[in-house]
Amino acid sequence: MLLLSNLWFLLIAVLFIGFFVLEGYDYGVGMATRFVAHNKDERTVLNQAIGPFWDANEVWMITAGGAMFAAFPNWYATLFSGFYVPLVLMLFLLIGRGTAFEFRIKIPNSKWTATWDWLIFVAGLLAPFLWGVVFSTLVQGLPIDKNMNMHAGFFDIVNGYSVLGGLLITLLCLYHGLVFLTLRVTGDLRNRARTLAKKIFWALAVVALVFIVASYFATDIFARRGTILVPVYLLDVVVLFLSLYFLSKERDGWAIGMNAGVILLTVSSLFIGLFPRVMVSSIKPAYDLTVTNASSGNYSLTVMTIVTICLLPFVLAYTIWSYYAFRKRVTSNDTTGY
């Protein structure tokens, strides 16, 4: 059973990594609609750039939540009850953004379109920030009692470390989205995205460095997993600067690949620091939720593993096919959808 619990912890980590790699550029493009695009038509082009992908990318988050519910019901219950307000707000943002993509061009009215465009921007800005806050507090620790109930006040969730984590994820998604746009759009939009990405890079690098230092003092992840995390973070820094190098050389495929590696390493570091815990109790280490005390029974985990092995190849094949099918760049003439 311990083997299956560890396997499902790994699978949930992979699902969240996939979510941040894929949905991360969606968030970034949403923010870029105000920083890169200058008018309605240019915002339409940016929306077209992620149009074939954004809804499928959100499935990674839904699948991660479903896997958490089935494999670690105690983790799911404590997390979603303790973070009820930020997670519901995040849900509303995602619903509003999806609605905005579909509704923004339904009525030929500038105020109508502008309202939905602002919703896309706000959702792209706040959703990754909330994710950063949630994941930062998971490793920092929360008041979880012996009954696995979380009694978190406002400042248990919103504090200097969690806000820093939220800012890191927001900047990382913005940079990711801008690099993605260099692959998906042409002309002046592409040049603007590249120029802004180079500027955002330095803010991202500073915040990332401060977050790593803050993690040493605000959490126990270095004390528990320092021998793994130190080389992970060193590699993270190297890959981040490689993304800037390839971006400057206009080798955009390599740049987006390197930044995907940055996200992979960053999110992985949080799960590495947590393991074998899934949530840290700030009250007492004995109250930590772990892959053992938070997991389902052996039968449930076995059935889930078999089903996943059967279905996962189809999901991956569909994802690869969709990116291949919509591989062409979006031009300034593509302003009839989204």
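Reply:

Let's start with Asp220, which is partly exposed at a relative accessible area of 27%. On this scale buried means under 20% relative accessible area, exposed means over 50%, and partly exposed is anything in between (1.4 Å probe, protein chains only). Keep in mind that this is a predicted model: local features need pLDDT of at least 70, side-chain atom pairs count only at pLDDT 80 or more, and totals for chains, interfaces and linings use all residues. Residues are numbered from 1 along each chain as its sequence is written, and side-chain values use heavy atoms, with hydrogens and water left out.

Asp220 pairs with Arg277 in a salt bridge, 2.9 Å from N to O. Because Asp220 sits in the loop between H9 and helix H10 (221-248) while Arg277 belongs to strand E1, the pair ties together parts that are 57 residues apart in sequence. A salt bridge here is a side-chain nitrogen of Lys or Arg within 4 Å of a carboxyl oxygen of Asp or Glu. Helices (H or I, at least four residues) and strands (E, at least two) are DSSP runs, numbered from the N terminus. Arg277 is buried, with a relative accessible area of 3%.

**Other charged side chains**

By the same rule, the count comes to nine salt bridges. One of them links Glu42 to Arg192 at 2.9 Å, N to O. Glu42 is in helix H2 (residues 40-50) and Arg192 in helix H9, so this pair ties together parts that are 150 residues apart in sequence. Glu42 and Arg192 are both buried; for Arg192 the relative accessible area is 16%. Arg192 also forms a salt bridge with Asp188, with the closest N and O atoms 2.8 Å apart. Asp188 and Arg192 are four residues apart in helix H9, about one turn of the helix. Asp188, in turn, is partly exposed at 48%.

Helix H9 (residues 187-218) also holds Arg194, which is buried with a relative accessible area of 6%. Leaving out residues up to four places away in sequence, Arg194 touches Thr182, Leu247, Glu250 and Asp252. Contact means heavy atoms within 4.5 Å.

Back in strand E1 (residues 277-279), we find Met279. Its relative accessible area is 0%, so Met279 is buried. Residues up to four places away aside, the contacts of Met279 include Trp75, Thr78, Phe83, Leu138, Asp288 and Leu289. Phe83, beyond its neighbours within four places in sequence, is in contact with Val134, Thr137, Leu138, Leu142, Met150, Ile157 and Met279.

Met279 and Phe83 meet again in the largest nonpolar core, which has 114 residues; together with Trp75 and Tyr175, they have the most contacts inside it. Helix H1 (residues 2-35) gives the largest share of this core, 17 residues. A nonpolar core is a set of buried Ala, Val, Leu, Ile, Met, Phe, Trp, Tyr and Cys residues joined through side-chain atoms within 4.5 Å. In soluble globular proteins, nonpolar side chains tend to be buried together.

**The protein as a whole**

The protein has 12 helices and two strands, in the order α-α-α-α-α-α-α-α-α-α-α-β-β-α from the N terminus on. Its C-alpha atoms fill a box of roughly 60 × 40 × 40 Å along the principal axes. For 338 residues a compact globule would have a radius of gyration near 20 Å, and the protein's 20 Å agrees. That radius is taken over C-alpha atoms, and the globule rule is 2.2 Å times the number of residues to the power 0.38.

Of the 338 residues, 53% are buried. Among contacts with a separation of 6 or more, 79% are between residues 24 or more positions apart. The accessible surface comes to about 15400 Å², and 71% of it belongs to carbon and sulfur atoms. These areas come from the Shrake-Rupley method with a 1.4 Å probe; for residues, only the protein chains shown count as cover.
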